[in-house]
Amino acid sequence: MYLTNKNKNQMKKISLALILSACSLCAIAQVNLISNIDARTAVDLNGKWQYIVDPYETGFYDYRYKELKEDNPEAYWNTDVQQNRTEKKEHGYVDKYSINVPGDWNHQQPEFTFYEGTIWYKKSFDVVKDHTGNKYFLYFGAVNYRADVYLNGKKLGMHKGGFTPFNFEVPQALLKEKDNFLVVKVDNKRHADEVPTLNTDWWNYGGITREVKLVVVPGTFIQDFVVQLKKNTTGKAPAKSPEVQGWVKLNQAPVAGELITIEIPELKYKKEIKASGQTTALNFVLPKLQLWSPETPKLYQVIVRTQTDRTEDKIGFRTIEAHGIQVLLNGKPIFMRGISIHGEIPQEVRRAYTQEDAAQLLRQAKELNCNMVRLAHYPHDEKITRLADSLGVLVWSEIPVYWTIDFKSQEVLDKAKVQLEEMIIRDHNRASVIIWSVGNETPVSPVRTNFMHSLLTRARELDNTRMVSAALEVNYSALNDLNIVDDPLGEFVDLVAFNEYLGWYGGLPDKCRTTNWDTPYNKPLFISETGGDGKGGFHADSLTRFSEEYQEWYYKEQVSMLKRMPAKYVGISPWVLNDFRSPRRNNPFYQEGWNRKGMYDEKGNKKKAFYILKGYYDQIQKEKK
Ligand code: GCU
């Protein structure tokens, strides 16, 4: 392609803008997360780990509650068991006390069901060290909530946030060939100044809930990269040969003359770009390709190479934008037939973390005829967003800024921003993910709106190719026939999304007959939650709350109300796919620690309301065809 001076300058301007945004990313991001981890060589550290339950944190503080020094043999990151009978050793790791990783601790031992506190995990492992200058990183898919990580008695770091990945570099000198001992202090206690805060309507499963691995990478390696279609603001379909905009970030400045190669074998496409620094902008046009959509979830193998490193991923190419009052996927308006999902497998009362778990949850959603899922209220396991890519399911991904967070605190905002960055870095090449949500049902106030606005701005800085949103709350005490969603945060989101429970938290279901909804914002409108409890198998007349008949009636009235929604109404993700554990639900007859708003009960049985919602989606699908 011959470049005139004019477009040479344009290219310069574009690449400068991209580098600046990429550098703004590096500058602010204290997150040195390695993305696309599955493509990396690694030592699998999953399996049985020994543990010590430590509610008083005796392994961390002395009896004066002062943090123990690193070399203090009393500290639980020093693991040797009692060596001889005269030795006073009051802790140790033995197989008798073992637990599975990944996995929450609550479902593994009955005495842990309600446990909130500290448990120490220990894993021994051997490594064949190669002395070729490779780097080693300990990678955790997620640990709820605070993780203090030690290797061979040395502290590697501390991470907070129960649903996003993190990694710590392991200094070569610290790593041994034999008997490395890895200790993780896991503490899932809730605090007012954390994210989430003290109160949630979900079970506070604790533990090392997702995979752990020792990742091996070259000295200079590809830390993260984005290969996505350029943000579409045209309202039109992307060009047949669409434009890619992205970047490649190395862990450190490249050697002089370093070349970065992007290759897409199936498209016989190969592009070499001279590295322009630690982060290099990508901007090129691809040959004609199959765009990704729920109907055609086409993924392409994308290989990213440097002189010393190579990684690859399966990526779908699509554009998504809020355009006026519509949501356009590849330039075409879509309606999101959604369902909200918790990252839980109810029939085993545990956090979801396996490939089968992801398959079960998306299969259940597809049986409802959904084309979209809202992964609530925290980033779910990476397996489900990758599976959504290949199954063609649109995804709303959210950070747990839930209910009444301490919006006044800069420190809390920073904690939320770290989780936001980790969520986006992990999944910014997932075609299925179309919405980043920065929170749920946060009470309206200027300090809150500033807090949330700052998160929305940060999300756009990190990734401007997707929509940003948050689940807004409606005030039931002020319900009228026409309810206006005018939360001030609506001004800053791309998608105005709100939760309404008309007929459960507000009046009886027939209230829907005289109720309408709208928003003053000239933006797409989405209902991110609606629902009522129905205990599976409990049958009565439709006026009896908690019966399947009441829930069925609830959905019947909702569906007729939804038929009167304004043109800007682009979808809904009812609450919720499955009944789920909640410490807030203690009706002894109908709830017993379960939120019963599922379309499926905790054993996986469909409830009567399931068929009402599916019927509505089948009809919508026919109409929108
Ligand atoms: C809220 C909230 C959910 C909760 C649901 C309910 O709106 O967002 O987390 O479980 O309503 O009350 O069942």
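Visitor: Is Val395 buried or exposed?

Guide: In this predicted model, Val395 has a relative accessible area of 1%, and therefore counts as buried. Val395 is found in strand β25, residues 394-398. Arg374 is 21 residues away from Val395 in sequence, yet the two C-alpha atoms are 6.0 Å apart in space.

Visitor: What relative accessible area does Asp126 have, and how is it classed?

Guide: Asp126 is partly exposed because its relative accessible area is 39%, a value between the cut-offs of 20% and 50%. Asp126 is found in the loop between β4 (118-125) and β5 (135-140).

Visitor: Which residue caps the N-terminal end of α3?

Guide: The cap is Asp381, with a side-chain oxygen 2.8 Å from the backbone nitrogen of Lys383. After α3 comes Gly392, which has a positive phi near 80°.

Visitor: How are backbone angles to be judged, and where is a positive phi found in a residue other than glycine?

Guide: Most residues other than glycine have a negative phi, and most peptide bonds are trans. Here Asn369 has a positive phi, near 65°. Asn369 lies in the loop between α2 and β24, and it is buried because its relative accessible area is 12%, under the cut-off of 20%. Trp403 also has a positive phi, near 55°. Trp403 is placed in the loop between β25 and α4 (410-427), and its relative accessibility of 17% makes it count as buried.

Visitor: Which residue does a cis peptide bond join to Asn144?

Guide: The partner is Tyr145, and omega of this bond is about 20°. Tyr145 is in the loop between β5 and β6 (146-151). A further cis peptide bond runs from Ala376 to His377, with omega near -25°. His377 lies in the loop between β24 (372-376) and α3.

Visitor: What is the volume of the second largest cavity?

Guide: The second largest cavity has a volume of about 100 Å³. It is lined by 15 residues, and those closest to its centre are Ala352, Tyr353, His380, Asp381 and Ile384. Two elements, α2 (355-367) and α3 (382-391), each give two or more residues to this lining. The most comes from α2, with three residues. The lining of the second largest cavity divides into seven nonpolar, three polar and five charged residues.

Visitor: Which residues lie nearest the centre of the largest pocket?

Guide: Among the 36 residues that line the largest pocket, Glu295, Leu329, Lys332, Pro333 and Ile334 lie nearest its centre. The elements giving two or more residues to this lining are β19 (326-329), β20 (332-333), β32 (569-572) and α7 (608-624). The volume of the largest pocket is about 960 Å³. Its lining comprises 20 nonpolar, eight polar and eight charged residues.

Visitor: Which residues are closest to the ligand?

Guide: The ligand is surrounded by 14 residues, the closest being Asp201, His377, Tyr402, Glu441 and Tyr505. This shell has five nonpolar, four polar and five charged residues. Polar side-chain atoms lie 2.7 Å from a ligand oxygen in the case of Lys597 and 3.0 Å in the case of Arg585. For Tyr501, a side-chain N or O atom is 3.2 Å from an oxygen atom of the ligand. The ligand has 320 Å² of accessible area on its own, and the protein covers 97% of that area.

Notes. Residues numbered from 1 in each chain as written. Predicted model: local features only at pLDDT ≥ 70, side-chain atom pairs only at ≥ 80, totals over all residues. Heavy atoms only, no water. 1 Å grid on protein atoms, 1.4 Å probe; cavity = no way out; pocket = protein on both sides within 12 Å on 5 of 7 lines; lining within 4 Å. Points joined across faces, edges and corners; volume = space filled by probe spheres on them. Helix = DSSP H or I, 4+ residues; strand = E, 2+ residues; numbered from the N terminus. Nonpolar A, V, L, I, M, F, W, Y, C, P; charged D, E, K, R; others polar. Near = heavy atom within 4 Å. Polar contact = N/O pair within 3.5 Å; in protein donor to acceptor, adjacent residues only side chain to side chain. Areas by Shrake-Rupley, 256 points an atom, 1.4 Å probe, with all protein chains shown as cover. Buried < 20%, exposed > 50% of the residue type's maximum accessible area, 1.4 Å probe, protein only.
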